[in-house]
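Dear colleague,

I am passing on the structure below, and my notes on it follow directly after. Please read them with the coordinates open.

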Amino acid sequence: MTEKKRNWKPATQLVHAGTLRSEFGELSEAMFLTQGYHYKSAEQAEARFKGEEPGFIYSRYANPTVDMFEKRMCALEGAEDARATASGMAAVTAAVLCSLKAGDHIVAARALFGSCRWVVETLAPRYGIETTLVDGRQTSNWQDAVRPNTKLFFLESPTNPTLEVVDIAAVAAIANSAGARLIVDNVFATPLQQKPLELGAHVVVYSATKHIDGQGRCLGGVVLSDKKWIDENLHDYFRHTGPSMSPFNAWVLLKGLETLPLRVRQQTEAAGRIADFLAEHPKVSKLIYPGRADHPQADIIAKQMTGGSTLICFDLKGGKKPAFAFTNALDIVTISNNLGDAKSIITHPATTTHKNLAEEARAELGIGPGTLRLSVGLEDTDDLIADIEQALASA
């Protein structure tokens with residue numbers, strides 16, 4: 001990559017970075033739907049497998065279309081290397097497990113997406129890996145949880161669904177002093193509004209299914225870090241367990257990246273207006289939005305995020321019954337469990353994304369029967385506010 005390309009702004013990187021062209025000179029990225037690759041000689045095949053000659057061997061290991069997606073994500077994130085996976089949870093699982101062994105210890109924030117929490121709280125212990133869950137908002141909790149065998153810290157910020165924020169730089173400093181790696185799930189912030197690697201994190205994971213695709217079309221994930229960590233930890237795990245992304249999905253996600261800045265900017269601006277409307281509504285008992293001054297961690301947001309969020313978390317008075325009545329009365333906003341889509345989506349976490357957590361665990365995280373998560377899409381903001389207002393009248 002030339003010096004000029006390294007200085008490109010994000011919007012330019014997301015259109016051009018990492019582009020490979022075949023001898024046909026195609027303008028749009030090519031989709032290489034192939035499992036294997038042709039070698040000119042037995043000697044070349046041997047050199048490829050020895051790592052003495054660059055090139056592709058098998059699409060479970062690497063593929064030209066997937067490679068373009070990985071390189072473009074690296075340019076945006078400021079990472080040295082990346083591996084794209086079949087889903088966001090494949091990325092999380094690979095990042096967490098690839099460097100650990102029986103007897104190691106994880107410290108994780110308790111406020112995690114349900115499946116992420118299952119990986120660290122249920123799956124990892126089956127392999128002899130200990131886990132301690134902490135309230136990640138309090139920095140001292142991370143330090144207090146460190147043991148001699150602590151190898152990994154894991155958090156998401158802002159959190160799903162309550163939009164809590166963790167001081168990434170402070171947690172990274174504790175991880176460094178403990179000789180541990182910090183993994184940050186950066187889905188809710190997007191790579192445009194938060195740069196965990198610049199804040200000291202060692203590994204960043206995304207569900208590309210969300211904002212990166214942004215139009216509800218396909219699954220995908222990506223793990224980004226320094227090349228040494230990926231070569232020594234993730235590379236063999238990835239090759240031998242097979243969580244690789246399909247070339248078709250990589251092509252779709254490349255197209256999604258081209259419009260990511262436009263979508264996220266519009267969605268964030270709309271979410272800010274909707275959050276202000278909800279904050280004043282008498283049927284809303286609590287609202288959390290990272291773009292507002294009344295967010296509990298507004299000081300941390302100011303130093304580590306460059307924007308608010310496309311998501312809003314709020315509680316309706318009266319619990320589940322009015323929450324369900326509200327969601328059922330929405331006309332434009334769709335009931336689903338996805339987020340980051342061009343379509344606005346409402347989710348009731350207690351009965352969907354976080355239903356497998358015990359009621360006490362949900363309460364501990366601030367997820368009550370009236371809690372709702374709104375992912376703001378690309379519809380006209382005035383239309384969305386009008387839709388929410390009429391639905392609140394039914395709550």
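Val 284 stands opposite Leu 316 of strand 9, in a model that is predicted rather than experimental. Strand 8 and strand 9 (residues 311–316) pair in the antiparallel sense over 4 bridges, where strands are DSSP runs of E of at least two residues, helices are runs of H or I of at least four, and both are numbered from the N terminus; two strands are taken to pair if DSSP finds at least two bridges between them. The two strands belong to an open sheet of 5 strands, with the order 8-9-12-11-10 and mixed pairing. Its edges are strand 8 (284–288) and strand 10 (334–335), each of which pairs on one side only.

On conventions, residues are numbered from 1 along each chain as its sequence is written, and side-chain values use heavy atoms, with hydrogens and water left out. As the model is a predicted one, local features need pLDDT of at least 70 and side-chain atom pairs count only at pLDDT 80 or more, while totals for chains, interfaces and linings use all residues.

Turning to the open spaces, a pocket is an open set of points, on a 1 Å grid over the protein atoms alone, with protein on both sides within 12 Å along at least five of seven lines, whereas a cavity is a set where a 1.4 Å probe fits but cannot get out; lining residues have an atom within 4 Å of a point. Grid points are joined across faces, edges and corners, and a volume is the space filled by probe spheres set on the points.

The largest pocket holds about 800 Å³ and is lined by 28 residues, of which Ala 62, Asp 67, Lys 71, Asp 81 and Arg 83 lie nearest its centre. Two or more lining residues come from each of helix 3 (42–50), helix 4, strand 1 (81–85) and helix 10 (227–241). By class, this lining divides into 12 nonpolar, 4 polar and 12 charged residues, with Ala, Val, Leu, Ile, Met, Phe, Trp, Tyr, Cys and Pro counted as nonpolar, Asp, Glu, Lys and Arg as charged, and the others, Gly among them, as polar.

The second largest pocket has about 430 Å³ of space, and of its 24 lining residues the closest to the centre are Phe 113, Asn 160, Ser 207, Lys 210 and Leu 339. Helix 5 (88–97) and strand 6 each give two or more residues to this lining, which has 11 nonpolar, 9 polar and 4 charged residues.

There are 2 cavities of 30 Å³ or more. The largest cavity, of about 60 Å³, has among its lining residues Ala 62, Asp 67, Phe 238 and Met 245, and helix 4 (residues 64–77) gives the most to that lining, with 3 residues. The second largest cavity contains about 40 Å³ of space; Ser 207 and Lys 210 are among the residues that line this cavity, and helix 9 (190–193) and strand 6 (203–207) each contribute two or more.

Finally, the count of disulfides, defined as pairs of cysteine sulfur atoms within 2.5 Å, is 0. For Cys 74 the nearest cysteine sulfur, that of Cys 98, is 15 Å away, and Cys 74 is buried at 11% relative accessibility, buried meaning under 20% relative accessible area with a 1.4 Å probe and protein chains only. Cys 313 is likewise in no disulfide, the nearest cysteine sulfur being that of Cys 116 at 17 Å, and Cys 313 is buried with a relative accessible area of 2%.

With best regards

Notes. Buried < 20%, exposed > 50% of the residue type's maximum accessible area, 1.4 Å probe, protein only.
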